[in-house]
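Reader: I would like to go through a model feature by feature. Please give the general idea each time, then the case at hand.

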Amino acid sequence: MEAIKLGILGMGTVASGLINIIEFNRNKVVNSLNKELAVSKVLVNNLDKERNVNLPKEVYTTDAYEVINDKDAEIIVELIGGIDPAYDYIKSALNNKKHVVTANKALIATHGEELESIAVKNGVKLMYEASVGGGIPILNTMKENLSANEFDSVFGIINGTTNYILTQMAENGLEYEEAVKEAQRLGFAEADPSSDVDGDDAAFKLSILAALAFGQRVKVEGIPKEGITKISKDDIANAKELGYNIKLLASGIKKDDKIELRVHPAFVPVDHPLSMVKNEFNAVFLKGNAVGEVMLYGKGAGSLPTGSAVLGDIMYIVKNMDKSDAGVVGSKKYRVENKAVKQYYIRMTVVDKLGVLGSIASLFGKNGVSLSSVVQRQKNGHDTVPLVFITHEAERKNIDAALEEISKSKVVSKIESIILVENFK
Ligand code: HSE
């Protein structure tokens with residue numbers, strides 16, 4: 001039986017998942033393709049390292065170009081991550097007329113348009129399902145099964161580390177730092193979790209989702225982002241009391257000729273399907289103008305789930321090698337803006353004396369922000385009390401202007417948090 005040869009760049013968690021799935025699902029793969037999959041060359045850093053995959057020693061090399069230029073390899077699988085040197089490797093592979101599969105969100109978000117045009121020019125395919133949502137088949141679903149739709153919005157919980165941390169804070173009462181440690185202990189968070197907790201990882205993924213949803217490339221620099229490091233147990237408790245969970249949302253919303261993209265913690269109503277997405281799980285909730293609401297849920301990281309997405313792409317290429325592919329067509333020209341006209345939750349600490357609430361409410365009013373509810377929490381034990389406001393819908397810049405004035409008031413000790421309330425309208 002004919003074998004399709006794979007050249008693999010990197011042999012870490014995802015690559016070993018890929019090799020293991022090819023082995024334990026061999027019958028399924030062969031029956032589906034009517035071909036075998038074989039590995040020709042694998043790029044590694046260390047030739048002597050023990051690995052939990054069943055590959056002969058001769059396939060390993062420390063020279064990336066031995067993999068990329070190997071005449072037997074028809075598909076190059078890039079699993080080293082990061083922009084450099086993956087960018088050069090993928091360009092070389094495509095120019096060598098080899099199909100490429102990658103899980104590299106930073107690279108695709110940054111150079112996806114250029115790489116897709118190189119692929120199209122060379123008549124080969126570039127696929128990257130594993131770059132967003134790990135094992136969740138979101139990109140190909142949007143590109144193929146939902147291609148009959150214009151998308152009105154896409155909301156994702158697309159970072160498992162932060163979802164795990166927020167879930168543990170909400171369900172087990174952990175402080176932020178404790179939840180981070182627990183996530184690290186279980187392997188959900190990196191030793192340096194900053195790219196996850198600061199929202200960078202989700203912003204890369206949102207950039208890719210937005211290109212598919214709206215046909216428009218927006219670089220991460222153009223996506224406002226806020227991470228979860230300032231979320232406290234008090235905010236989570238207040239959210240619960242008001243009927244919400246706090247989630248790190250990646251949002252893409254289209255209105256007329258505008259799109260708004262952002263990554264930020266949000267109050268999500270407890271009865272919304274995204275509220276039920278817990279711990280390390282991811283989900284993407286879409287609204288298509290024909291299909292309506294669709295949500296895909298699953299594991300956003302890990303050896304086998306991400307390996308599953310990579311192998312799915314490889315199998316698609318093997319089945320469609322002879323068909324041309326236009327890549328993602330970026331023809332839409334929306335205005336990208338971030339007015340964020342939403343309700344907001346605001347928590348502040350104020351001096352507990354007559355007239356304080358009235359003076360704060362009037363500063364909100366002066367800046368065009370109308371209040372929906374106000375709750376005064378119990379005393380902090382000193383002379384101050386926490387106040388919790390939910391506003392009516394207002395533009396974020398009006399909220400910021402109001403809080404700028406409010407923060408200067410002598411009776412306000414601190415503006416503790418501002419969190420967008422997402423009602424998915
Ligand atoms: N670090 C990511 C997450 C997984 O926590 O979801 C890889 O994209």
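Predicted model: local features only at pLDDT ≥ 70, side-chain atom pairs only at ≥ 80, totals over all residues.

Reader: Let us start with helix pairs. How do the axes of helix H1 and H12 cross, and at roughly what angle?

Author: The angle between two axes sets the class, and 65 to 115 degrees counts as roughly perpendicular. The axes of H1 (residues 13–24) and H12 (residues 303–320) cross at roughly 70° and come within 7 Å. H1 is therefore roughly perpendicular to H12. The crossing of the two is right-handed.

Reader: Which residues of H1 and H12 meet?

Author: From H1 there are Thr13, Val14, Ser16, Gly17, Leu18, Ile21, Ile22 and Phe24; they meet Ser303, Leu304, Thr306, Gly307, Ser308, Val310, Leu311 and Ile314 of H12. By class, this contact has nine nonpolar residues, seven polar ones and no charged ones.

Reader: At what angle do the axes of H2 and H12 cross?

Author: Here the class to keep in mind is that of angles under 35 degrees, which count as roughly parallel. The axes of H2 (residues 26–33) and H12 cross at roughly 25° and come within 10 Å. The two helices are therefore roughly parallel. H2 passes H12 in a right-handed crossing. The residues that meet are Val29, Ser32 and Leu33 in H2 and Leu311, Met315, Val318 and Lys319 in H12. They divide into five nonpolar, one polar and one charged.

Reader: How do the axes of H7 and H11 cross?

Author: H7 (residues 160–172) and H11 (residues 233–242) have axes that come within 10 Å. The axes cross at roughly 70°, so H7 is roughly perpendicular to H11. This crossing, too, is right-handed. Leu166, Met169 and Ala170 of H7 make the contact with Lys233, Ile236 and Lys240 of H11. Four of the contact residues are nonpolar, none is polar and two are charged.

Reader: Now single residues. Is Asp235 buried or exposed?

Author: The quantity to read is relative accessible area, and under 20% means buried. Asp235, in helix H11, has 0% relative accessibility and so counts as buried.

Reader: With which side chain does the side chain of Asp235 make a polar contact?

Author: The partner is the side chain of Tyr345, at 2.7 Å. Leaving aside neighbours within four places in sequence, Asp235 is in contact with Lys230, Ile246, Phe267, Tyr345, Arg347, Ser417 and Ile419.

Reader: Strand E4 next. Is Glu78 buried or exposed?

Author: Glu78 lies in strand E4, and its relative accessible area of 1% makes it buried. A polar atom of the Glu78 side chain lies 2.8 Å from the backbone nitrogen of Ile80.

Reader: What does Ile75 touch, not counting residues up to four places away in sequence?

Author: Ile75 is also found in E4 and is buried, with a relative accessible area of 0%. Ile75 touches Ile4, Lys5, Leu6, Gly7, His99, Val101, Ile314, Ile317, Val318 and Met321. For a separation of another kind, Ile75 and Ala183 are 108 residues apart in sequence and 35 Å apart in space, C-alpha to C-alpha.

Reader: Last, the backbone. Which residues have a positive phi although they are not glycines?

Author: Asn34 is one of them, with a phi of about 60°. Asn34 sits in the loop between H2 and strand E2 (36–43), and its relative accessible area of 58% makes it exposed. Phe424 also has a positive phi of about 60°. Phe424 lies in the segment after strand E16 (412–421), and at 7% relative accessibility Phe424 counts as buried.

Reader: Is the peptide bond from Asp84 to Pro85 cis or trans?

Author: Omega is the angle to read. The bond from Asp84 to Pro85 is cis, with omega near 5°. Pro85 lies in the loop between strand E4 (73–78) and helix H4 (86–95).

Definitions and conventions: Residues numbered from 1 in each chain as written. Heavy atoms only, no water. Axes fitted to C-alpha atoms, helices over the stretch in contact; angles between N-to-C directions. Helix = DSSP H or I, 4+ residues; strand = E, 2+ residues; numbered from the N terminus. Parallel < 35°, antiparallel > 145°, perpendicular 65-115°, else oblique. Left-handed = near helix turned anticlockwise from the far one by under 90°. Contact = heavy atoms within 4.5 Å. Nonpolar A, V, L, I, M, F, W, Y, C, P; charged D, E, K, R; others polar. Buried < 20%, exposed > 50% of the residue type's maximum accessible area, 1.4 Å probe, protein only. Polar contact = N/O pair within 3.5 Å; in protein donor to acceptor, adjacent residues only side chain to side chain.
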